[in-house]
Amino acid sequence: MELMEAIFGRRATRAFTAEPVDRPVLERLVEAAIQAPSAINEQPWDFTVVRNKPLLDRISVAAKAHALKKRDAVPSHLRQHLEDPGFHIFYQAPALIVISAGSRDWAVEDAALAAENLMLAAYAQGLGSCWIGFAQRWLETEEGRRAIGVPEGFVPVAPIIVGHPAAPVPPVPRSSAHVRWLD
């Protein structure tokens, strides 16, 4: 797949088949992620891959409850999803890859660059992915960090689900770029 095809074709996937993603494929996605640039080439990232369904279920329940406690942080149109006991924040994806960053300047930005590489690589492999913001704040808590074994000195930045899409995701309209040319 050409790079531009991946950039223009990748979409947030929120419906997955039950088919698991093989470990070598997930390892390849992490390898793609670590090819991202990082400030001063410090490569400040740490990866946690969760394929344990009961753990994914437990994180989903805890993250929903955590988000609902912060009433102002959740827009009303999303609140009903979080209040629905049947809503799974990971959309039943078979894998979650959490990219954590060390505590230094630009580490969060570096982790975000790695996340984009990972999501583009997933798309190029015929997989779907989505950054799950609902999980992020709970994973940052001590309980969340402990649940997935985040090392001391690191903070979860990018919880990304990965799986086989249940159906193609249609393109999402994009606004025109606002560009200032200073020639």
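Is F87 buried or exposed in this structure? F87 counts as buried because its relative accessibility is 12%, where buried means under 20% relative accessible area, exposed means over 50% and partly exposed lies in between (1.4 Å probe, protein chains only). This is a predicted model, in which local features need pLDDT of at least 70 and side-chain atom pairs count only at pLDDT 80 or more, while totals for chains, interfaces and linings use all residues. Residues are numbered from 1 along each chain as its sequence is written, and side-chain values use heavy atoms, with hydrogens and water left out.

**The aromatic pair**

- A search of the whole structure finds one aromatic pair, and the rings of F87 and Y91 form an edge-to-face arrangement because their centres are 5.5 Å apart and their planes stand at 80°.
- For such pairs, rings of Phe, Tyr and Trp (its six-membered ring) must have centres within 6.5 Å, and planes under 30 degrees apart count as stacked, over 60 as edge-to-face and the rest as tilted.
- Y91 counts as partly exposed, because its relative accessibility is 23%.

**The nonpolar cores**

- The largest nonpolar core has 25 residues, of which I89, F90 and I161 touch the most other members; a nonpolar core is a set of buried Ala, Val, Leu, Ile, Met, Phe, Trp, Tyr and Cys residues joined through side-chain atoms within 4.5 Å.
- At least two residues of this core come from each of α3 (53-69), β2 (95-102), α6 (133-139) and α7 (142-148), where helices (H or I, at least four residues) and strands (E, at least two) are DSSP runs numbered from the N terminus.
- Helix α3 gives the largest share of this core, namely six residues.
- Apart from this core lies another one of 23 residues, with L26, L29, A114 and V162 among them.
- Beyond its neighbours within four places in sequence, I161 is in contact (heavy atoms within 4.5 Å) with residues including T13, F16, F90, Y91 and C130.

**Buried residues in a loop and in helices**

- T13 sits in the loop between α1 (3-9) and α2, and T13 is buried, with a relative accessible area of 4%.
- Not counting residues up to four places away in sequence, T13 touches G128, S129, C130, I161, P165 and V169.
- A33 belongs to helix α2 and is buried, with a relative accessible area of 0%.
- Leaving aside neighbours within four places in sequence, A33 is in contact with F47, A114, N117 and L118.
- R145 is found in helix α7, and R145 counts as buried because its relative accessibility is 9%.
- A polar atom of the R145 side chain lies 3.1 Å from the backbone oxygen of F154; a polar contact is a pair of N or O atoms within 3.5 Å, where within protein one must be able to donate a hydrogen and the other to accept it, and residues adjacent in sequence count only if both atoms are side-chain atoms.

**The largest pocket**

- The volume of the largest pocket is about 160 Å³, and a volume is the space filled by probe spheres set on grid points that are joined across faces, edges and corners.
- On a 1 Å grid over the protein atoms alone, a pocket is an open set of points with protein on both sides within 12 Å along at least five of seven lines, whereas a cavity is a set of points where a 1.4 Å probe fits but cannot get out, and lining residues have an atom within 4 Å of a point.
- The lining of the largest pocket includes both F87 and Y91, as well as R14, H81, I89 and W131.
- Two or more residues of that lining come from each of α4 (76-83), β3 (128-131) and α6.

**Loops and a strand**

- I40, in the loop between α2 (23-33) and β1 (45-50), has a phi near 55°, which is a positive value in a residue other than glycine, and I40 is exposed, with a relative accessible area of 65%.
- W106, in the loop between β2 and α5 (107-124), has a positive phi of about 70° although it is not a glycine.
- G86 is found in the loop between α4 and β2 and is exposed, with a relative accessible area of 63%.
- V155 lies in strand β4 (residues 154-163) and counts as partly exposed at 30% relative accessibility.
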